[in-house]
Amino acid sequence: MSAMPATSSNTNVSSSAVPMHRSVCQQLQHHFQQIRARHMRDMFAEDPQRFERFSLQVDDLFLDYSKNRITAETMALLTQLAEESDIGGWRDRMFSGEKINNTENRAVLHTALRNRGDQPVWVDGVDVMPGVLAVIDRMAAFAGQVRDGAWLGYSGKRITDVVNIGIGGSDLGPQMVYQALKPYRHPDLKVHFVSNVDGDHVAEALEALDPETTLFIVSSKTFTTQETMTNAHFARNWFLQHAQSECHIARHFVAVSTNRDAVVAFGIDPAQMFEFWDWVGGRYSLWSAIGLSIMLAIGHAHFLALLQGAYDMDEHFRQAPLAQNMPVIMALLGVWYNNFFGAESQAILPYDHYLRSLPMYLEQADMESNGKSVDREGHAVDYATGAIVWGASGINGQHAFYQLIHQGTKLIPADFIVSMQQHDSLQSHHDILVANFLAQTEALMRGRTLAETQSSAGDQSWLAQKVFAGNHPSNALLLKQLTPHSLGMLLAAYEHKIFVQGIIWNLNSFDQWGVELGKQLAKQILPELSQHDAVTTHDASTNGLINYYQRWRKER
Ligand code: F6P
């Protein structure tokens, strides 16, 4: 496969190289030219120790990265890149509460939320840990009451359904973890997630629910997000239609937010609010009170195990040398493909039914963090930054999009995520699942030559179509079992991977200005949809579409 230049909507991006002020990049470029045509088959044949050399165990998590287009020299040079990028320094700055989110003048401390050690964490001279622990205790007390049936709805019935109303980071993380940890859930408490402002979402979620036994969590860092507030008001009205009196709201609505005033203005008593802080990014917030729906579902002890798993990965990330550091290795491999091979995307392929929402969660975590074309200082970058992250359940993907990964023209590095032990007792199902995962990574790596194709049984026509080039890179991330602890480790590993890549690309991974313009325009367009006169103030396409909608809206 030949190297392809990175492309971007930013027309300044002309080179696939990482910031050239890092001196090792010249060496990496040179090394890339030497290695780009080499096949992993040959690398495996030459080095019987390749699996041992390029794999790493950290507690519950095992990473095999030997099926990558790397040699020991590649990893040494990439590690040098990490050193030159001062990953260690930035990591320490993040953990110690420095305001590394420079455009918002904020610290970045999702790690404090899962700090299970006794170290203080300072922000502006204040140790945030007592506040963090106090909120966890309040969440535990509340969740315990709901789970035990001590917290009753207004008519004296116990809560059977929880509806988390939120979007983006206030939805994707809790929803994914709730799904992932199904075997740990309370048997008589269901959690539903409403995010879309398409009214069908909230209407459908509520149609089977009983207001007397339903608890709403309005989850929003800002408490101003249009989609969430619209759905929250709808839910409030739905509830009041049945309960009649506003005094019942306190038993059925709680808020999770950093914005106390807006929570009060909505009509939720601050005593019913679970707080978090501006140093928690939305997409990094499942560890905070945003995880209340998770704690309600799985209980305090399992929630703490989730935090502990993340903390254990944090400690590994802080202490392991860069060359044996799992998130750093994952990040460097991503940079290798993104900036040298010109790969544009990264596939996330869970071979675990309970992890089927992980790709969607990582889409936000990664792309909202590193989808930037301006560096920390505000200069346009001339190198490729965040990859397009996508994926789906691997086994289903095999029967849908794997064709393109195997035989298409794109290089798509893929992460395969697999649990060794399943929660059900269907061992033969699990064996088939694991056999397929193994077969796919082997096929991607080895491919099938013309000679092998000719000597294989079967129809000998159309041989060219039946040859597989192989040499497609993949990581295998193995969990002994999907537990709160191993899930915490896995998610923290990806968070730190994203962080390391952001540092190498000299980005602020913790702001998201790119989502603002659309929000502003939507506010401007909303009143235009119901006005009588035709709209003429936008471009011809947008005017045309608004006026088309107006016509159908009037007819309804
Ligand atoms: O619009 C993007 C975003 O700001 C995300 O970063 C965030 O997770 C989501 O919206 C929801 O925001 P909030 O929690 O403030 O409602």
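Predicted model: local features only at pLDDT ≥ 70, side-chain atom pairs only at ≥ 80, totals over all residues.
I started at Asn 164, which stands opposite Ile 217 in β7. Residues are numbered from 1 along each chain as its sequence is written, and side-chain values use heavy atoms, with hydrogens and water left out.

Next I checked the strands around that spot. β5 (residues 161-165) and β7 (residues 214-219) pair in the parallel sense over 5 bridges; pairing takes at least two DSSP bridges, and strands are DSSP runs of E, at least two residues, while helices are H or I, at least four, all numbered from the N terminus.

I then traced the whole sheet: 5 strands, open, parallel, ordered β6-β5-β7-β8-β9. β6 (190-194) and β9 (273-275) are the edges with a single partner strand each, so one side of each has no neighbour in the sheet. Neighbouring strands are turned by 20° against each other on average, direction ignored.

Helices came next. α7 (residues 129-148) packs on the sheet, touching β7, β8 (253-257) and β9, and makes about 145° with β9. Axes are lines fitted to C-alpha atoms, for helices over the stretch in contact, with angles from 0 to 180 degrees between N-to-C directions. α10 (residues 226-243) lies across β5, β6, β7 and β8, at about 160° to β7.

Last, I looked at Leu 358. Leaving aside neighbours within four places in sequence, Leu 358 is in contact (heavy atoms within 4.5 Å) with Met 176, Ile 348, Ile 417, Leu 490 and Leu 491.
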